[in-house]
Amino acid sequence: MADHFPSMKLRLGLAAYSLLWWAMMPVILLYLRRRARKDPLYNQHLGERFGHYKKTLQNPVWVHAVSLGEMRSATPLIRELLARGEKVITTHFTPAGRREAQREFSAEIAAGQVQVIWVPFEYGFTYRRFLRHFTPKYGLVMEIEIWPRMIMACRAHGTPLFMCNAQYPLKSFTKDTSGLELRASLLQGFAGGFVKSDGQRDRFAAVGMPNIHVTGELRFDQPIPQSHLDAAAKLQGALSKGRPTYTLTSVVEGEDDIYIRMIQQSPDAFFIYVPRAPERFDAVAQMLTDAGVRYARRSDILDSALKLTTDTPDIDVLLGDSMGEMYFYLGLCDRAIVGGGFVTKGAHNVIEPLALKKPVIVGPHIWTIEYPATEAIAAGVCAHVMTEDALQNTISAPPAINEKQISDFYTRHAGGVKRTIQAIDQVMGKPQD
């Protein structure tokens, strides 16, 4: 860690940040209450956000996965940590991340090996309580989450905090290294970083992060539920009726009109439409209804075992109104269209479809998934479309991509869990196997 950390400029920034959080507390609580109207979990277990817990795992490894995507990337690493005899506590800010952890590790939670809680609010006292309760061996912050009070509290407590599966998108890097550079300077407060690529390492090093290790992308090692693939194989023909099939994954607000027009202009194709967040399920269903699209909701025609509960529906779209079943939805398709790329917030991950040897299509905004999307595009396994017309042309005449191309690409980028464990052992002073 840098000897000069934190600088006087950063100290002043942290003081202003703390005052802002205190001033905003009523607004934050109101935000949670309003979000709870659509998802009651937002307003449950509120004590955890203030550092109060009903039970405590002692000396666990702490994994912070703010939401669903981060939790999915953390899952294979957590599995390996558990296999090594560690206990794990996961913290989250959104219900999607928390539910994914509870679903994926339900047996381990029951066995007392995993505990799932909300991340504390950004106050020094909440993190002091958290760290005293759990005394984590070390913390792993998935992707790029920069929480000043989290960083400062871990330094004060002596808890090593690492950024894990980390990327520093160019847009964020450029913004952070302009002006006051306060956010960039906070990265010096981490004990180290396990980053996705050489390019990411260079960006983190440029802002002074210590102990940087290139470990790759953990999602390449995530487990694939065979039951989901088996269920998809049984249903694929019945739903698609032989038509080319596309799964739209993690579609976000602001791009539905583009995709619905695409569906309307593709009468010879079948689509699986999966919104990013559960609170959007009803809204998307209404959009499809208003557009005159023939569709059925997964919850209306499939049971918990992913078997049809009705006669085979005559539809053009299956609306994926469930969480934790993405591999089932991807198993149904020939190609995947990854959502988020037609809004400036950026696309979501391309790795899940590639894991199933499915070619991928992404929209223009891929800065959020620079690695591995750039490599996948270069390898010819991902089509990068810049306009709505280009998307429609790609659906009408998809490029030829074979499974070997995708398998070769996937194999070249796998192994992130092993490299991350080796890096953790190295920085924590554990002997290598």
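Author: Begin with one term: contact means heavy atoms within 4.5 Å. The model is predicted.

Reader: Which residues is methionine 163 in contact with, leaving aside its neighbours within four places in sequence?

Author: Among them are Val141, Ile144, Leu187, Phe190, Phe194, Phe204 and Met209. Gly192 and Gly193 are also on that list.

Reader: What makes a set of residues a nonpolar core?

Author: Its members are buried residues of nonpolar kinds such as Leu, Met and Phe, joined through side-chain atoms within 4.5 Å. The largest such core here has 43 residues. Met163, Leu187 and Phe204 are among those with the most contacts inside it. H1 (8-35) supplies the largest share, six residues. Apart from this core lies another, of 42 residues, including Leu302 and Tyr410.

Reader: How do you know that S5 and S6 pair?

Author: Pairing takes at least two bridges. S5 and S6 have four, in the parallel sense, so they pair.

Reader: Why do S6 and S7 count as paired?

Author: Three bridges join them, and the cut-off is at least two, so they pair. These strands also run parallel. Glycine 193 has isoleucine 212 in S7 as its bridge partner.

Reader: Which way do the residues of S6 point?

Author: Gly192 and Phe194 point one way, Gly193 and Val195 the other. All are buried. In a regular strand, side chains alternate between the two faces of the sheet.

Technical notes. Residues are numbered from 1 along each chain as its sequence is written. This is a predicted model: local features need pLDDT of at least 70, side-chain atom pairs count only at pLDDT 80 or more; totals for chains, interfaces and linings use all residues. Side-chain values use heavy atoms; hydrogens and water are left out. Buried means under 20% relative accessible area, exposed over 50%, partly exposed in between (1.4 Å probe, protein chains only).
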